[in-house]
Amino acid sequence: MTFDVITIFPEFFSSILGHGLLKRGSAGGHVSIRIHDLRDFTEDRHRTVDDRPFGGGPGMVLKPEPLFRAVESLRQATPDGSKPRLPVILLSPQGRLFRQQAAEEMARESRIVLICGRYEGVDERVATALATDEISIGDYVLAGGELAAAVVMESVTRLLPGVLGNEDSPKQDSFSEAAANENGCSAARGLLDCPHYTRPPEFRGLRVPEVLLSGDHGAIRRWRRREAVTRTWRRRPELLEQAALDREEIEVVAELRQGAARSGIEG
Ligand code: ADE
């Protein structure tokens, strides 16, 4: 798949594209990441990309013309003259929240344009008449959309077939849709992952849970699911509302609720 990233900081991406998963994904031909300098789509001597906001106020707003020109240069017509569908995502704190499900949907696209917002904002006509979607990576404000674009690209690229050595491993993820049908950690959709351990079995007096050393795969599977549910219940209880739990997991939640109610009475 191809990502076309529109940014005023093209050099920002050299580090993440030169390391780890995105480097491997590109080298293996699974993903092509093309970085476009927004200033190349300006038409004035100063290569101006921003201007003062109408109505006053602090800061600068990214102008619409260079962004429209940039996207239109990427959306080439097909030989029959029709314009192919092209997802254009504006990264901004005003967007809908980016979740694993959105990453899975994006991984099915052949091409996505990412627009990195900057400064105090982006002219609203970019959101309403150019972008097909507006996405936020979390309820905090970054200086611009570059980090958010990197987050989106890495989380989507690792889902592309062949990028991770083990084809099955994304299915084990917390939040993964496919996880619902798998054995192991995040067996139920929308739960946090269970804890993981490696050697040594004891480190500074901290022991790996005995069950993981037992070789009893049924018991290990049950332990992992219980841990995933318990962690989710403690740390992200709102996820349990949406999670598709099976009978075993529903029982774990019921036990946790009973335990909490009891300690409430005792306390
Ligand atoms: N730009 C600034 N903050 C952002 C956020 N939280 N998500 C996406 N893009 C952003």
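A pocket is an open set of points on a 1 Å grid over the protein atoms alone, with protein on both sides within 12 Å along at least five of seven lines. The ligand sits in the second largest pocket, where sitting in a pocket requires more than half of the molecule's atoms to lie within 2 Å of its grid points. This is a predicted model, in which local features need pLDDT of at least 70 and side-chain atom pairs count only at pLDDT 80 or more, while totals for chains, interfaces and linings use all residues. Residues are numbered from 1 along each chain as its sequence is written, and side-chain values use heavy atoms, with hydrogens and water left out.

- Polar contacts are pairs of N or O atoms within 3.5 Å.
- A backbone N or O atom of Tyr140 lies 2.8 Å from a nitrogen atom of the ligand.
- Taken alone, the ligand exposes 260 Å², and the protein buries 98% of that; the areas come from the Shrake-Rupley method with a 1.4 Å probe.

**Three-stranded sheet**

- An open sheet of three strands has the order S3-S4-S7 and mixed pairing, two strands being paired if DSSP finds at least two bridges between them.
- Strand S3 (50–51) and strand S7 (121–122) stand at the edges with a single partner strand each, so one side of each has no neighbour in the sheet.
- S3 pairs with strand S4 (residues 61–62) in the antiparallel sense over two bridges, and Leu62 in S4 is the bridge partner of Asp50.

**Backbone geometry in loops**

- Arg199 and Pro200 are joined by a cis peptide bond with omega of about 5°; Pro200 is in the loop between helix H6 (146–157) and strand S9 (202–203).
- Arg47 is not a glycine, yet has a positive phi of about 55°; Arg47 is in the loop between strand S2 (32–37) and S3.

How values were computed: Helix = DSSP H or I, 4+ residues; strand = E, 2+ residues; numbered from the N terminus. Polar contact = N/O pair within 3.5 Å; in protein donor to acceptor, adjacent residues only side chain to side chain. 1 Å grid on protein atoms, 1.4 Å probe; cavity = no way out; pocket = protein on both sides within 12 Å on 5 of 7 lines; lining within 4 Å.
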